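User: Could you walk me through this one before I set anything up? I'd like to start with the packing and then jump around a bit.

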Amino acid sequence: VTEVFSDVHNITNDAVELIDTYSDRIAAIKVSLHSRQICVVHVYLPCNGVPLESFKSEIDNLHDLVNKLNKDPHVILLGDFNSRLSDKDSFSARDR
């Protein structure tokens with residue numbers, strides 16, 4: 001991984017490919033560095049107050065995308081998942 005990130009300054013526009021996610025809450029790119037590829041996925045899931053079905057729909061979109069990218073050796077998933085990892089009693093229905 002150190003080798004990959006040490007070459008970041010060599011990235012050109014030709015090395016970056018936008019991945020269609022079919023969602024306005026998920027963005028993804030594929031970066032090619034020499035013979036390596038890294039997929040970076042950024043997520044902004046709906047917050048509390050949005051219908052649970054909207055949240056589940058975005059989780060399904062994310063799941064489908066990760067399955068599609070599973071063939072790539074390096075996938076970085078980051079963002080705001082709008083979920084809690086605290087006491088089980090404070091979980092909302094969407095955190096379960």
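Predicted model: local features only at pLDDT ≥ 70, side-chain atom pairs only at ≥ 80, totals over all residues.

User: OK, which residues make up the largest nonpolar core?

Analyst: That core has 11 residues, namely Ile19, Ile26, Ala28, Cys39, Val41, Val43, Leu45, Phe55, Leu62, Leu65 and Leu69. At least two residues each come from β2 (26–33), β3 (36–44) and α2 (52–69).

User: And which element gives the most to this core?

Analyst: Helix α2 does, with four residues.

User: Switching to cysteines, how many disulfides are there?

Analyst: The search of the whole structure turns up zero disulfides.

User: What about the surface, which residues make the nonpolar patch?

Analyst: Val16, Leu18 and Ile29 form a nonpolar surface patch of about 270 Å². Of these, Val16 belongs to strand β1, which covers residues 16–19, and with a relative accessible area of 36% Val16 is partly exposed.

User: Last one: where is Ser23, and what does its side chain reach?

Analyst: Ser23 sits in the loop between β1 and β2, and it counts as buried because its relative accessibility is 17%, under the 20% cut-off. A polar atom of the Ser23 side chain lies 3.0 Å from the backbone nitrogen of Arg25, and the side chain of Ser23 also reaches the backbone nitrogen of Ile26 at 3.5 Å.

Note on methods. Residues numbered from 1 in each chain as written. Heavy atoms only, no water. Disulfide = S-S within 2.5 Å. Core = buried A, V, L, I, M, F, W, Y, C linked by side-chain atoms within 4.5 Å. Buried < 20%, exposed > 50% of the residue type's maximum accessible area, 1.4 Å probe, protein only. Patch = residues over 30% accessible without salt bridge, like charges linked within 9 Å, V, L, I, M, F, W, Y side chains within 5 Å. Areas by Shrake-Rupley, 256 points an atom, 1.4 Å probe, with all protein chains shown as cover. Salt bridge = Lys/Arg side-chain N within 4 Å of Asp/Glu carboxyl O. Polar contact = N/O pair within 3.5 Å; in protein donor to acceptor, adjacent residues only side chain to side chain.
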